[in-house]
Amino acid sequence: MDPGMTGGPPRQLVEELLHDGGGVLRLAPAFVARDLVPPGRRFGLPEDAYDLGERGYLCERWLGSTTKADNRVGPADEGLSHVVDSTRRPRMTLRDAVAADPAAIMGEAYAESHPQGLGRLAKLLDYGDRIPYHIHPPQRFAELMGRRSKDEAYYFPAGVDMGAHPETFFGVHPWIARERAYDVLLPYLVDWDSDLILRHSRAEVQVPDEGFQVPSGVLHGPGTALTVELQEDSDVFAMFQALNAGRIIDKDLLFHDVRPEDRSAYGERFPLNFVEWELNGDPFFYENNHLTPQPIETGPGGGREWWIFYNTSKFSGKKLVVPPGARHTVTENGVYSLLVWSGAGRYCGHDVRGGDADADELLVSHAVATAPHTVENTGDSDLVVFLFFGPDINDTPTIARYGVS
C-alpha cells in the first residue's frame, strides 16, 4: 500500500472512511487494458482514452475489485478498486481496506469463515470483436500454480449496441465428448495458425436482459455484447484460439497457467486436461447454463428486484429497478458492492448517477447491508442498479437440469 494515500494507519483509515460514509465506501472506477481484442468504445469516455499504446486497449472496467489484473505491462494497481473520500480523493485500495479491517467491512462471522476476502469480482466487458476461445482451469489445476479457479457468469444489459458479433461460442460438439475424441482439438494447439478450432464449438446468441453461466473447465469465446460479468476473484486462463481479430495471439497464452515442467513434459497436450469434457459436450448446454432474470418477492415498496446471477454458491447478483419519484427499502444478507447502471438517486444517503464513473459505484458494508436501507430515485427515468455478492451470502434459484434422469 502507498503510505502517501492513507494519511494514517490502514485500520484507522478504514474506520474513518466507513464513519464518514455511514458504513458505505465510495469507489473510483478501475479501468483495465487488454491487448488481444480492440475496444467496443461504449464506456462513454473520450475517443482517445481507449488506445493505451503498449498496454493495449481499454476494454474492461472492474467493479468492487480486490483482484489485480494479470497483465504483461501496466500499473502495479491495475484492476484494483480504490476507496475515495468525500472529495473523491483516492485514499487506499479496496483490497488494502478489506485486509486492514475485514470484520468492519464483511462482518465478523463472515470475515472469519472467508479469510480470502470478498471472494468475487464483477466486471464490465466492452470488446469490439469476439474474445478468443479460451478456458479457465478447474481448481485442481489452478492450484498447481498457486491460483484459484474462475467460474463466471454473464448478463447482457438491454438498450446497448450489441456490436458486430453478438454470439458466444461454448464447449464442443457433443460427439467429441461422447466418443472421447479429445485429440481432435490438439492439431489447432500445435499448429497455432488459425481460428478453425471454432468449427468444433457451438455459438449461442447474446440476448439483451439474459445471460449465461460458465463453469471453470468450459471452453468459451464471448461475443461483442456489452457484458456485466460476475466471477470468482481470479484471472487464470489458457488461450485455445490462435487467430483472432486479424492477428496471431502469442502462443505463450496457451500456457499462461501451466507449470514450466508440465509444458516441457507434455507440450500442447497438457492444457487439454483443463477441459471438463462432459460439461463441454452437454447436448443441453444452453438449457443447463442459460440465465434469465428471476423475480424476487420484495413486499410493498416502490422498486422491483430480480436475480440475474444465481445457480451457484460462489457468487450472486441482482438487478434493482426503482421508478422515478419512488423509494425502495433494501435488506440484504451480507456485504455487497453495486454499480448504478442508469438513472439518478440516493443510495444509503449517497448521491449516485448512472453513466458517471465518479458517482456510480459503492460498497455497502455488512452492518449497513443487513439492516433496512433506502434507495431513492430523484431523476426522471428508472434508476437501475446491479448488486454483486460474494460466496455463501445468498440462497439463489437453481436451473432445472435437462438430460438428467
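Biologist: How many aromatic pairs does the structure hold?

Modeller: The structure holds 14 aromatic pairs. Rings of Phe, Tyr and Trp (its six-membered ring) pair if their centres lie within 6.5 Å. This is a predicted model, in which local features need pLDDT of at least 70 and side-chain atom pairs count only at pLDDT 80 or more, while totals for chains, interfaces and linings use all residues. Residues are numbered from 1 along each chain as its sequence is written, and side-chain values use heavy atoms, with hydrogens and water left out.

Biologist: What makes tyrosine 155 and phenylalanine 386 an aromatic pair, and which kind of pair is it?

Modeller: The two ring centres are 5.5 Å apart, with 65° between the planes. Planes under 30 degrees apart count as stacked, over 60 as edge-to-face and the rest as tilted. The pair of tyrosine 155 and phenylalanine 386 is therefore edge-to-face.

Biologist: Where in the chain are tyrosine 155 and phenylalanine 386?

Modeller: Tyrosine 155 is in strand E8 (residues 152-155) and phenylalanine 386 in strand E27 (residues 383-389). They are 231 residues apart, and the pair links distant parts of the chain. Helices (H or I, at least four residues) and strands (E, at least two) are DSSP runs, numbered from the N terminus.

Biologist: Why is tyrosine 155 called buried?

Modeller: Buried means under 20% relative accessible area, exposed over 50%, and partly exposed in between (1.4 Å probe, protein chains only). Tyrosine 155 has a relative accessible area of 4%, so it is buried. Phenylalanine 386 has 1%, so it is buried too.

Biologist: Which residues form one aromatic cluster?

Modeller: Phe156, Phe170, Phe212, Phe285 and Tyr286 form one aromatic cluster.

Biologist: Why does lysine 150 count as buried?

Modeller: Its relative accessibility is 5%, so lysine 150 counts as buried. Lysine 150 has its place in the loop between helix H6 (139-142) and E8. Leaving aside neighbours within four places in sequence, lysine 150 is in contact (heavy atoms within 4.5 Å) with residues including Lys123, His136, Glu229, Glu232 and Asp235.

Biologist: What is the order of the open sheet of 9 strands?

Modeller: The order is E5-E4-E1-E25-E22-E27-E20-E19-E18, with antiparallel pairing. Its edge strands are strand E5 (90-93) and strand E18 (294-296), each of which pairs on one side only. From one strand to the next the twist averages 35°.

Biologist: How do you know that strand E1 pairs with strand E4?

Modeller: Two strands pair if DSSP finds at least two bridges between them. Strand E1 (residues 24-28) and strand E4 (residues 82-84) are joined by 3 bridges, so they pair, and they run antiparallel. Arginine 26 has valine 84 in E4 as its bridge partner.

Biologist: Which helix lies across E1, E4 and E5?

Modeller: Helix H2 (residues 10-20) does, running at about 120° to E5. For such angles, axes are lines fitted to C-alpha atoms, for helices over the stretch in contact, and angles run from 0 to 180 degrees between N-to-C directions.

Biologist: What is the order in the open sheet of 4 strands?

Modeller: The order is E21-E26-E23-E24, with antiparallel pairing. Strand E21 (327-330) and strand E24 (350-353) are the edge strands. The twist averages 25° from one strand to the next.

Biologist: How many bridges does strand E26 have with E21, and how many with strand E23?

Modeller: E21 and strand E26 (residues 373-377) pair over 4 bridges in the antiparallel sense. Strand E23 (residues 344-347) is joined to E26 by 3 bridges. Opposite glutamate 376 in E26 stands arginine 327, and opposite valine 375 stands tyrosine 347.

Biologist: What makes strand E2 mostly covered?

Modeller: In strand E2 (residues 30-34), 4 of its 5 residues are buried. E2 pairs with strand E3 (residues 57-63) over 5 bridges in the antiparallel sense.

Biologist: How many helices and strands does the chain have, and why is it called as compact as a globular protein of its length?

Modeller: The chain has 12 helices and 27 strands. Its radius of gyration is 21 Å, close to the 22 Å that the globule rule gives for 405 residues, so it is as compact as a globular protein of that length. The radius is taken over C-alpha atoms, and the rule is 2.2 Å times the number of residues to the power 0.38.
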